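Subject: Structure handover

Dear colleague,

My notes come after it.

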Amino acid sequence: MDLKLRRAYIVLLTLPAYLLWFFTFRIPVWTFWHRMVLSTSGLFIISIYFRREIFENTKLSDISSRLCKGLIGVIHGLLAYVFVYAGFKLLKEYIILDAAQVYNLRYDLDIDMISVILVFTSICEEVYWRGFIQHNLQKSMNQYLAILMTSFLYSTIHIWTLNTSLIMIAFIMGFLWGFLYNKTRSIISPISSHILWDELIFVYLPLINNY
């Protein structure tokens with residue numbers, strides 16, 4: 001397939017993500033978390049259908065290597081949290097309302113259940129965005145341009161939140177996870193980072209103490 005055509009084809013396959021995120025953030029059925037599980041499950045299914053070999057390098061035959069990639073992801077997640085925490089403290093007066101809007105979602109469901117859901121949704125998002133979209137874009141363009149393109153797409157699906165700060169942080173984190181995936185060549189690393197970052201930022205060490 002022609003490289004430009006391949007690139008357009010992969011970008012076209014992000015359209016379901018825009019529709020699913022519209023459903024997640026704009027359609028008031030069930031709770032936000034139930035909608036999120038359904039939407040990320042859809043992304044996961046798309047990923048596996050179009051790239052069945054996505055987990056071929058995660059087999060347990062070389063468990064020490066997998067553990068190393070996971071540890072790299074954990075360290076990355078911790079550093080990402082510190083980075084975002086510092087940014088929040090620096091810009092708190094400008095983004096506090098946006099942050100409060102996100103933390104209000106903690107009341108939709110029991111926090112322990114939310115913690116479990118975040119593990120599942122983090123895996124699904126990384127499989128789709130890094131393991132499928134970025135992986136394929138890197139075959140048709142410069143690897144760093146592919147990271148930027150994937151990060152842009154990942155951030156703009158959050159347009160339905162109408163939350164500028166969330167869109168910006170999605171771009172930053174998308175870039176960091178994309179860079180990590182590119183360097184480790186393993187989906188395990190960004191998955192580990194994404195899970196830990198989500199758990200810290202939303203459950204265990206939220207940026208706003210009152211939530």
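What follows covers the nonpolar cores, the aromatic pairs and one surface patch.

Please keep in mind that this is a predicted model, in which local features need pLDDT of at least 70 and side-chain atom pairs count only at pLDDT 80 or more, whereas totals for chains, interfaces and linings use all residues. Residues are numbered from 1 along each chain as its sequence is written, and side-chain values use heavy atoms, with hydrogens and water left out.

I begin with the interior. A nonpolar core here is a set of buried Ala, Val, Leu, Ile, Met, Phe, Trp, Tyr and Cys residues joined through side-chain atoms within 4.5 Å, where buried means under 20% relative accessible area, exposed over 50% and partly exposed in between (1.4 Å probe, protein chains only). The largest such core has 40 residues, and the members that touch the most others are Tyr-128, Trp-129, Trp-197, Ile-201 and Phe-202. At least two residues of this core come from each of H2 (15–26), H3 (32–50), H4, H5 (111–137), H6 (143–156), H7 (164–184) and H8 (188–204), these helices being DSSP runs (H or I, at least four residues) numbered from the N terminus. Helix H5 supplies the largest share, eight residues. A second, separate core has five residues, among them Val-127, Tyr-181, Ile-187 and Ile-195.

Next come the rings. Rings of Phe, Tyr and Trp (its six-membered ring) pair if their centres lie within 6.5 Å, and planes under 30 degrees apart count as stacked, over 60 as edge-to-face and the rest as tilted. By this rule there are 14 aromatic pairs. Phe-23 and Trp-30 make an edge-to-face pair, because their ring centres are 6.3 Å apart and their planes stand at 75 degrees; Phe-23 counts as buried at 18% relative accessibility, whereas Trp-30, at 62%, counts as exposed. Trp-33 and Phe-202 are also edge-to-face, at 5.4 Å centre to centre and 70 degrees between the planes, and this pair links Trp-33 in helix H3 with Phe-202 in helix H8, 169 residues apart. Both Trp-33 and Phe-202 are buried.

Finally, on the surface, Leu-71, Val-74, Ile-75, Leu-78 and Leu-79 form a nonpolar patch with about 440 Å² of accessible area together. Ile-75 lies in helix H4 (residues 63–103) and is partly exposed, with a relative accessible area of 44%. Accessible areas come from the Shrake-Rupley method with a 1.4 Å probe, and for residues only the protein chains shown count as cover.

With best regards

Note on methods. Patch = residues over 30% accessible without salt bridge, like charges linked within 9 Å, V, L, I, M, F, W, Y side chains within 5 Å. Salt bridge = Lys/Arg side-chain N within 4 Å of Asp/Glu carboxyl O.
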